[in-house]
Amino acid sequence: MIKQQGSNRVYTRETDETGRSVIRVQGTNRDENRAFIYMARHFHALGLPVPELYEVSEDEMSYTQEDLGDTLLFDHLDDLSLLERTVRALARIQVIGAQDFDWSVCFPVPSMDGRSIRWDLNYFKYCFLKGTQLEFSEPLLEDDFDTMTAFILAQPADSFLYRDCQSRNVMIKDGQPYFIDFQGGRRGPTQYDVASFLWQAKANFAPERREHLIRVYLDELVKLTTPPSPAVFRAEWLSALPHFVLFRTLQVLGAYGYRGYFERKPHFLESIPLAVRNLRDLFAAHRELCTQYPYLYAVSNDLLFLL
């Protein structure tokens with residue numbers, strides 16, 4: 001058995017009939033399994049760094065895949081060269097992975113639409129904010145949610161959005177990063193995955209390292225997309241990034257609240273103060289967010305008691 005932190009899927013390491021080590025995944029939702037199976041085959045055929053899929057059960061409730069070992073990127077966050085390779089590979093999955101992709105297989109929705117954005121924002125409200133027992137104004141909070149939803153929907157969204165791109169979902173084999181757990185992927189903006197990766201609470205990247213890795217990532221993204229004006233593209237992309245960092249941080253707090261407050265999993269409870277600190281630092285570094293999301297800014301100050 002392989003221990004999982006936030007998933008109900010069951011992972012086991014086994015030896016198949018050829019004698020090779022494989023990872024067997026027993027899923028709980030057939031549509032989610034189908035999404036992963038399609039994505040893994042699609043990405044692997046394009047030469048992207050994901051585990052190779054070997055066998056799928058007739059009922060599609062379990063499958064075996066390449067065993068990438070036990071080394072997580074999370075345990076090597078001091079290796080700058082490895083981080084650079086990871087963000088370049090992320091850009092390739094987002095852009096190359098979107099080529100000839102059948103978005104209809106995505107689970108539970110094919111794209112980051114308005115409804116799915118509100119799911120994540122309500123995740124924050126109901127699973128985290130109410131769990132803190134903090135008094136707040138629901139109408140004022142919903143006003144900021146409306147503003148954020150409209151902003152996100154106005155951004156270019158023609159790439160593969162990994163959705164849970166964080167260092168615990170990157171395995172290291174032979175010195176190279178491989179991405180796992182992308183079954184929740186869908187069509188969406190590229191900034192979301194960068195926000196997920198570089199603002200992961202327990203990764204705790206220094207601002208200077210984040211800025212460096214964003215430059216490395218954008219160099220690769222520009223190379224892959226060849227925009228008419230790279231300078232304008234970079235400026236617009238960077239201008240939108242803080243909004244996605246805020247959105248992702250709220251979603252993550254919802255997940256931490258659900259797994260921590262309701263499922264009583266210590267790992268997630270430990271991460272809550274780190275994510276709240278990210279929220280505080282984000283508003284401090286980007287004063288324009290305080291104006292655009294005034295009530296979320298006020299709530300973030302009230303949450304400082306969790307630190």
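# Notebook: a look through the predicted model

**Chain start.** I began at Met 1, which is exposed at a relative accessible area of 77%. Met 1 sits in the segment before strand E1 (10-15). I noted that this is a predicted model. Next I asked which residues Met 1 is in contact with, leaving aside neighbours within four places in sequence. I found Val 10, Tyr 11 and Thr 12. I also took the C-alpha separation of Met 1 and Arg 24, which is 9.6 Å for two residues 23 apart along the chain.

**Overall form.** I counted 10 helices and eight strands in the protein. For 307 residues, a compact globule would have a radius of gyration near 19 Å, and the protein agrees with that at 19 Å. Along the principal axes, the C-alpha atoms fill a box of roughly 60 × 50 × 40 Å. I then looked up how much of the protein is buried: 52% of the 307 residues.

**Contacts and charges.** Among contacts with a separation of 6 or more, I found that 72% are between residues 24 or more positions apart. For charges, I have 33 positive and 42 negative.

I looked for a cis peptide bond and noted one joining Phe 107 and Pro 108, with omega about 5°. Pro 108 is placed in the loop between helix H2 (80-95) and helix H3 (114-129).

Thr 226 has a phi of about 40°. I located Thr 226 in the loop between helix H6 (207-225) and helix H7 (230-262). Is Thr 226 buried or exposed? Its relative accessible area is 59%, and the cut-off for exposed is over 50%, so Thr 226 counts as exposed.

Arg 264 is another such case, with a phi of about 60°. Arg 264 belongs to the loop between H7 and helix H8 (266-285). Arg 264 is exposed as well, at a relative accessible area of 56%.

**Aromatic pairs.** My search of the whole structure gave 19 aromatic pairs. One of them is Phe 36 with Phe 182, a stacked pair at 4.7 Å centre to centre with 15° between the planes. This pair links distant parts of the chain, 146 residues apart: Phe 36 is in helix H1 (residues 30-45), and Phe 182 is in the loop between strand E7 (176-179) and strand E8 (186-188). Both Phe 36 and Phe 182 are buried.

I also checked Phe 43 and Phe 160. Their ring centres are 4.9 Å apart and the planes stand at 75°, so I recorded the pair as edge-to-face. Phe 43 is in helix H1 and Phe 160 is in strand E5 (residues 159-161), so this pair ties together parts 117 residues apart in sequence. Phe 43 is buried at a relative accessible area of 1%, and Phe 160 counts as buried at 1% too.

Which residues do ring pairs link into a cluster? I listed Phe 36, Tyr 38, Phe 43, Tyr 63, Phe 101, Trp 103, Phe 160, Tyr 162, Phe 179 and Phe 182. The two pairs above therefore have their four rings, Phe 36, Phe 182, Phe 43 and Phe 160, in this cluster.

**Helix H5.** I went through H5 (191-198) residue by residue. Eight of its eight residues are buried, and the helix is mostly covered. They include Tyr 192, Asp 193, Phe 197 and Leu 198. What covers the buried residues of H5? The cover includes H2, H3, E5, H6 and H7.

**Phe 205.** Last, I looked at Phe 205, in the loop between H5 and H6. At 5% relative accessibility, Phe 205 counts as buried. Not counting residues up to four places away in sequence, Phe 205 touches Leu 77, Leu 83, Phe 197, Leu 198 and Arg 210. Of these, Phe 197 and Leu 198 are among the buried residues of H5. I also took the C-alpha separation of Phe 205 and Arg 13: 32 Å, for residues 192 apart along the chain.

Notes: Residues are numbered from 1 along each chain as its sequence is written. This is a predicted model: local features need pLDDT of at least 70, side-chain atom pairs count only at pLDDT 80 or more; totals for chains, interfaces and linings use all residues. Side-chain values use heavy atoms; hydrogens and water are left out. Helices (H or I, at least four residues) and strands (E, at least two) are DSSP runs, numbered from the N terminus. The radius of gyration is taken over C-alpha atoms; the globule rule is 2.2 Å times the number of residues to the power 0.38. Buried means under 20% relative accessible area, exposed over 50%, partly exposed in between (1.4 Å probe, protein chains only). Contact means heavy atoms within 4.5 Å. Lys and Arg count as positive and Asp and Glu as negative; His and the chain ends are not counted. The place of a charge is taken as NZ of Lys, CZ of Arg, CG of Asp or CD of Glu. Rings of Phe, Tyr and Trp (its six-membered ring) pair if their centres lie within 6.5 Å; planes under 30 degrees apart count as stacked, over 60 as edge-to-face and the rest as tilted.
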